[in-house]
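Here are my notes on the model you sent over. They follow the sheets first, then the contact between the chains, then the symmetry.

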There are 2 protein chains.
Amino acid sequence: MPVTDAHSDEPARLANTIETVFAGQSKDYPERLLSNGSRAVLAEGADAQDDCAVFSFSGEQELVVGSDYVRGPKFRLYERGLLTEYDLGYYLVAANVSDVAAMGARPIGVLTVVRYPLDMTDAVFEQVMLGIRDACADHGAPNVGGDIGGAERLILSATAMGVCPPGRSVLRRGARPGDLVCLTAPTGIAGAATEYFRAGRVSEEIEARYRGSLLASWARPRARTAEGMALGKSGVVTSCQDTSDGLKATLEGIAVASGTGITVFEQELQVPAEVTAVCEFVGKSVLPVVMGDSVDFELVFTMAPERQDAVRAEFDSAGLGFHAIGVVTKEPGVLLEHLSGQRSPLPGKAWRHAPEQAQR
Amino acid sequence: MPVTDAHSDEPARLANTIETVFAGQSKDYPERLLSNGSRAVLAEGADAQDDCAVFSFSGEQELVVGSDYVRGPKFRLYERGLLTEYDLGYYLVAANVSDVAAMGARPIGVLTVVRYPLDMTDAVFEQVMLGIRDACADHGAPNVGGDIGGAERLILSATAMGVCPPGRSVLRRGARPGDLVCLTAPTGIAGAATEYFRAGRVSEEIEARYRGSLLASWARPRARTAEGMALGKSGVVTSCQDTSDGLKATLEGIAVASGTGITVFEQELQVPAEVTAVCEFVGKSVLPVVMGDSVDFELVFTMAPERQDAVRAEFDSAGLGFHAIGVVTKEPGVLLEHLSGQRSPLPGKAWRHAPEQAQR
């Protein structure tokens, strides 16, 4: 085991941390059998320490694969000491697996790039890798390899892979006018957490009732893997995207890709209690937090209303939930229909990945 | 087209640069047919701009997948103005595809993570993406997706994927005592380039004869994809690893993974003319540059001597070359047998990815 204040080089970290943390993963890998009998099995994982990981594929299937960098040590909550390196490792995996979930696929593995500064001790490095390992276990997708080594600060990037039967990956561009627009769970908690912890003041009520869930939105995000697989399995979902850029950006993403518009009904928008409490405390409106750049990893998806029973059946049998928030329109534009019946552009600032937005 | 000094946000860069640079790639993707009739085809690429890329797989095959971060703007030659952002994009792809080549697999795609600083103009950003695109074209593996967005400096990471028939991925750990140790081409040019350009002095002879090839080792590295596929196809190669950590580190990697030793014969080591010229100019020994932390992306592989004809036939038919430099030994340890017959540890410092080694 590494000594707390040791600063081992890469070969020692491979031998002492990577080999220990990811031992035996190929041996223990469950066979990923798709509904059509196709298989995907890990043959060589991170413990093999080869140039690449190796999967054995058999039969007709689709591989979905995506990469995301996460700001990690640039997160406001990390800079304020509210997140640990373990949390950053955990977040890296959840953020990447979320992209696989949004395709309706079953995760099969994650590759992680962890570059660390000279002053990062073996113990802290191990915490990053343990966060990665545990998030992988929680999401059913082992860390099968990647890259470690030095950099001037902690840099985190990853790639997640998943499989589904042929033709079952769910793209963004298939939404059709008349489709219901649905959401796996209300959004805004991650954004509310940012608002609250940067306020510089403390609310006794929020501390007592919501501090845990606000922090968890950053420290233990969960990609909606079960929901994603249920969407794919239903075969009736016309589009899907995760809300990692915020709900507004997601709705705009689906609408633009599909060549449609979307109207969201204010009366259908559920507002988490944490968001209501924080917005009241900091003196902000609720809707811009719910719709804006809150990074919640929920899934937005669309389907014809007459086919919603197929999705409901899949979700019910897995103990999962979703709710409709709007409808796909022929006319372009993403609008909010207020309780009054009036329509206006969606409130909230969509996440733009611009360098000046350093809070994510 | 972007204006030279514009600084667009991510949606604009996606629309103006990514869509333009990677247009139509799924449509133009060749069917990757393996020798056993299995297929891998790109269904949704970077131009789809979805959560993930999608490949359609059919039949029995192995997927190999690996991720590498590259120091990019921290390269000594970039800091000295000898490499452009286009070159860094090119390098990112070559370094990642090299890991697929080292598995004996056929590259099918690359995911790239490009995070850029606030002051990077659209024109420079486009140069990075053009370097990525052109390297992908040169290596037969399109850029199928990834992540762009802000960071405090240019950060480059990627993932490369490849396929091969079942059981044909070439690992590091299969070398057996008595096997020949072979190399696709002499190493040391990238290391010599670093030595030369940091010397702070100019040699007329080197400028006239070798400046181009020295720079090309960093600006236009080529992963040995054809060689890797020939190794996999031969079916007789017992281990393979690329020399991206330097020849010494590669030999040690194979030896340790295989539970063997390796003896390299000095008389078999070919020294590129660039390396000889630079070492003479800067007053250094040749062998530490050839064996040390020169990042050349050659392949080291092993095979039983009696089976070398199978590899030679594959290489000859593809117009490729390799040469033997040593032999796998039962006794552990990686040694150099000098012309005198004496043996000593390999010279040169193996690349360690330690943060203080900033030249890569």
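**Notes on the strands and the interface**

1. Start inside chain B. Strand β4 (residues 61–70) of chain B, or β4(B), pairs with strand β7 (residues 155–164) of chain B in the antiparallel sense, over 9 bridges. One residue pair to look up is B:Glu62, whose bridge partner in β7(B) is B:Cys164. Keep in mind that this is a predicted model.

2. Now cross to the other chain. Strand β3 (residues 53–58) of chain A is joined to β4(B) by 5 bridges. These two strands run antiparallel. Within that pairing, A:Ala53 stands opposite B:Val65.

3. Which strands make up the sheet that contains β4(B), and in what order? The order is β1(A)-β2(A)-β3(A)-β4(B)-β7(B)-β5(B)-β6(B). That makes 7 strands in an open sheet, with mixed pairing. The edges are β1 (32–33) of chain A and β6 (143–150) of chain B. Each edge strand has a single partner, so one side of each is left without a neighbour in the sheet.

4. A:Val65 has B:Ala53 as its bridge partner in β3(B).

5. Next, the extent of the interface. In chain B, 63 residues are in contact with 63 residues of chain A. The two chains bury about 5,200 Å² between them. Carbon and sulfur atoms carry 52% of that area.

6. Polar links are also present. Between chain B and chain A, 23 residue pairs are in polar contact, both residues being at pLDDT 80 or more. Strand β4 (residues 61–70) of chain B gives the largest share of the side that touches chain A, with 9 residues. By class, that side of chain B has 27 nonpolar, 15 polar and 21 charged residues.

7. How many salt bridges does the structure hold over all chains? The total is 36. One of them has its residues in two chains: A:Arg173 lies in the loop between β7 (155–164) and β8 (180–183) of chain A, and B:Glu44 lies in strand β2 (residues 39–44) of chain B, so the pair joins two chains. The N to O distance between these side chains is 2.7 Å. Between chain B and chain A the count is 8 salt bridges.

8. Last, the symmetry. A rotation of 180 degrees, with 0.0 Å of shift along its axis, superposes chain B on chain A at an RMSD of 0.0 Å. That is the relation of a two-fold axis. Both copies use the same surface: 100% of the contact residues of chain B recur in chain A. Which residue of chain B comes closest to the rotation axis? B:Gly59 does, with its C-alpha at 2.3 Å.

Conventions
Residues are numbered from 1 along each chain as its sequence is written. Chains are lettered from A and ligands numbered from 1 in the order in which they are written. This is a predicted model: local features need pLDDT of at least 70, side-chain atom pairs count only at pLDDT 80 or more; totals for chains, interfaces and linings use all residues. Side-chain values use heavy atoms; hydrogens and water are left out. Contact means heavy atoms within 4.5 Å. Buried area is the accessible area (1.4 Å probe) that two parts lose on being put together, summed over both. A salt bridge is a side-chain nitrogen of Lys or Arg within 4 Å of a carboxyl oxygen of Asp or Glu. A polar contact is a pair of N or O atoms within 3.5 Å; within protein, one must be able to donate a hydrogen and the other to accept it, and residues adjacent in sequence count only if both atoms are side-chain atoms. Helices (H or I, at least four residues) and strands (E, at least two) are DSSP runs, numbered from the N terminus. Ala, Val, Leu, Ile, Met, Phe, Trp, Tyr, Cys and Pro count as nonpolar, Asp, Glu, Lys and Arg as charged, and the others, Gly among them, as polar. Two strands pair if DSSP finds at least two bridges between them. Copies are superposed by least squares on the C-alpha atoms of residues with pLDDT of at least 70 in both.
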